[in-house]
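Good morning, colleagues, and thank you for your time.

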Amino acid sequence: MKKKTRGTGFVACALVAVLGASTITCSDSTKLPEGYLSQKESDKVLAKTLTIRLDPDLSQLSEAEFETTRLMVEAGKILHNLYEVSRHPQSLTAQDRLKSLHEELGQPQATQNLLDIYRFAKGPIMRNLDGKLEAFVPVEERHPGRNVYPWGIEKSELASFLEAHPDDAKTILAVRSVVRRSTQENLDRDLRILEEFNVLSVLHPGLEADLEALAENPAAKAFYAVPYSVEYAEDLFRVRDLILKAASLMEDVDADYARYLKNRARDLLTDDYEAGDASWVTGRFDKLNAQIGAYENYDDQLYGVKAFFSLSVLVKDPAMSNTITTITQWMQEMEDLLPYEHHKKVRTDIPIGAYNVVADFGQARGTNTASILPNESYITRKYGRTILLRYNIMTNPELFAGRMRTFAAAVDEEFVDTYTAKGDFFRTLWHEIGHYLGPDLTHDGATLDEALEEDSSILEELKADLVSLFLAKRLRKKGYYTEERLRSVQASGIRRLLRRNQPTKAQAYATMQNMQLNYYLEKKLLTFDPAKNRLRIDYSQYHQAVESMLREVMGLQYNGDKAAADAFIDKYSTWDPEIQGKLAKSMKQSEKYRYAIVRYAALGE
Ligand SMILES: [Zn+2]
């Protein structure tokens, strides 16, 4: 890891004696121009920032696989810039200005700090230590529609346009399109791009004619949308070329992966991901995998529909992947073991794999431990979803130390040591498998979403958590878990329940975690020791408590009774200030880091 040393050129430091103790004081840190966060403030932020570095072993890759990985990293760099621009139009220029300033000033700590903040904020605006959005370099404030809607637009303006023009909603609210005002300038630009990259007109039939029609009558109060492939044509063609190059390298090495890359390269120009997603989810790849394209819509705070670009370069973890292969043959046995009557025939070809992250770009960059994609229901209904467990992030020692601090702040010290990073991994693995087991339909054939509405995802996540903990006993019996592994999975099951704030019902994960905590307190698996402000775990009650809750949850799912589900969720969603409140306080006090910078050996970091 490269760590810049403190620049001294602009800092006057003196050794002075204060109350008898020698300290170094700096009369002034580097003075930065107006609009840049001062070093005093940025130091505070970075004191709360953890830096980790990912450097997975690539020695098992063939030359072609290694070169493919390199090409994907190149593609990722382009998509990363697109991501930043799609969030804030001044992103890249602000970063360039900051870099020049850093050089002009002789690389002082003050600007190095801001470069580091830019790195984890993925742009010029961060959430500061008070939880508020703050620009740390001089740029305009950020807007909910980011840069995929007209900059700064209010939702009401677009909403009233859509009300008057309901036929336009399909393109304007499309998952991969940028919304523009119908000005002459915008339309001319888009028509020029279609002329330059004329294959886009072929791939988007009717688009050119539509734009020409709009150009007859431009109006700043009207809106239209163009696909990402038009907005970002030049960059996406470069990404496409890199991916196609990788695909041809993979053709004789891993045919399924090569097909996926080829389809995805084309998807980037059609903005329709069905072909690539189908070959991604149903293909069986050898050593490599990659998440490529615009999937998650968290960044769209205007309508929550636009997906933002990402790319994750992944290599299979050989040992953990073998572990997963072993267990898929036990699927039916595990299904039949679950505490409900109506067992089904289960699939054994679950698309789940353990991967090490080589590098993440765009929306995917960060400390996310698992990805489950795609999202679009018309695709998942036909092909399912792929589950990528991000092993080197899940087991990263520094990130684990943070989770351990939370656990240690909430349980009696005698239980602390049983918790390990592998416990999190196996618990998560079986959580994902848990989604494939248990009831899919109610007794009268309705889907769980239809019958249980907003309760459905709470119960489904709860079921998956409980299945993972319930099957642990059988996995111990089969010798798959050692006694130590079993305990660490169970400890991880408790660590997961600990919340720093009272969840609302809209937060499905947090709600079901808090529900488990209350249930386990009722069943005496957990007890709260008010003298120590800590939880105690009675492992002898673990399996029964989990079985009992799982039986109730699967019963609710099978019966599809919304009112009963509401009552169950209400009953166990309480927040006791004397228990949850005190645990939360203790965990907040133990917090060491708020932010994380992830660096990658593959980027020369
Ligand atoms: Zn889940």
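Let me first define a term: a nonpolar core is a set of buried Ala, Val, Leu, Ile, Met, Phe, Trp, Tyr and Cys residues joined through side-chain atoms within 4.5 Å. Please also bear in mind that what you see is a predicted model.

With that definition, the largest nonpolar core has 84 residues, and the members that touch the most others are L429, W430, Y520 and F568. The greatest contribution to this core comes from helix α21, residues 455-477, which supplies 10 residues. As general background, nonpolar side chains in soluble globular proteins tend to be buried together.

Which residues does W430 contact, if we leave aside its neighbours within four places in sequence? They are I327, M331, M334, A464, S468, L471, L475, Y480 and Y481. Apart from this core lies another, of 67 residues, with I153, A247, L261 and A307 among them.

I return now to helix α21, where K463 is located. Is K463 buried or exposed? K463 counts as buried, because its relative accessibility is 1% and the cut-off for buried is under 20%. Not counting residues up to four places away in sequence, K463 touches G434, H435, L437, G438, P439, L550, V553, M554 and Q557.

D561 sits in the loop between α24, residues 542-559, and α25, residues 562-572. Its relative accessibility is 37%, so D561 counts as partly exposed. Beyond its neighbours within four places in sequence, D561 is in contact with L452 and L556. A polar atom of the D561 side chain also lies 3.2 Å from the backbone nitrogen of A564. Along the chain, D561 and T442 are 119 residues apart, while their C-alpha atoms are separated by 8.9 Å.

A further pairing across the sequence involves V45, which lies in helix α1, residues 39-47. From C-alpha to C-alpha, V45 and R594 are 8.4 Å apart in space, although 549 residues separate them in sequence. V45 is buried, because its relative accessible area is 4%, where buried requires under 20%. If residues up to four places away in sequence are not counted, V45 touches I117, F120, M126, L129 and Y595.

How many cavities of 30 Å³ or more does the structure hold? There are three.

The largest cavity has a volume of about 60 Å³. Its lining consists of R87, H88, K122, G123, P124, I125, R142 and R146. By class, that lining has four charged, two polar and two nonpolar residues.

For the second largest cavity, the volume is about 50 Å³. The residues lining this second cavity are L497, L498, R499, N514, L517, W575, Q580, L583, A584 and M587. Two elements, α23 (508-522) and α26 (577-590), each give two or more residues to the lining of the second largest cavity. The largest share, four residues, comes from α26. Sorted by class, the lining of the second largest cavity has seven nonpolar, two polar and one charged residues.

Thank you; I welcome your comments.

Terms used:
Residues are numbered from 1 along each chain as its sequence is written. This is a predicted model: local features need pLDDT of at least 70, side-chain atom pairs count only at pLDDT 80 or more; totals for chains, interfaces and linings use all residues. Side-chain values use heavy atoms; hydrogens and water are left out. Buried means under 20% relative accessible area, exposed over 50%, partly exposed in between (1.4 Å probe, protein chains only). Contact means heavy atoms within 4.5 Å. A polar contact is a pair of N or O atoms within 3.5 Å; within protein, one must be able to donate a hydrogen and the other to accept it, and residues adjacent in sequence count only if both atoms are side-chain atoms. On a 1 Å grid over the protein atoms alone, a cavity is a set of points where a 1.4 Å probe fits but cannot get out, and a pocket is an open set with protein on both sides within 12 Å along at least five of seven lines; lining residues have an atom within 4 Å of a point. Grid points are joined across faces, edges and corners, and a volume is the space filled by probe spheres set on the points. Ala, Val, Leu, Ile, Met, Phe, Trp, Tyr, Cys and Pro count as nonpolar, Asp, Glu, Lys and Arg as charged, and the others, Gly among them, as polar.
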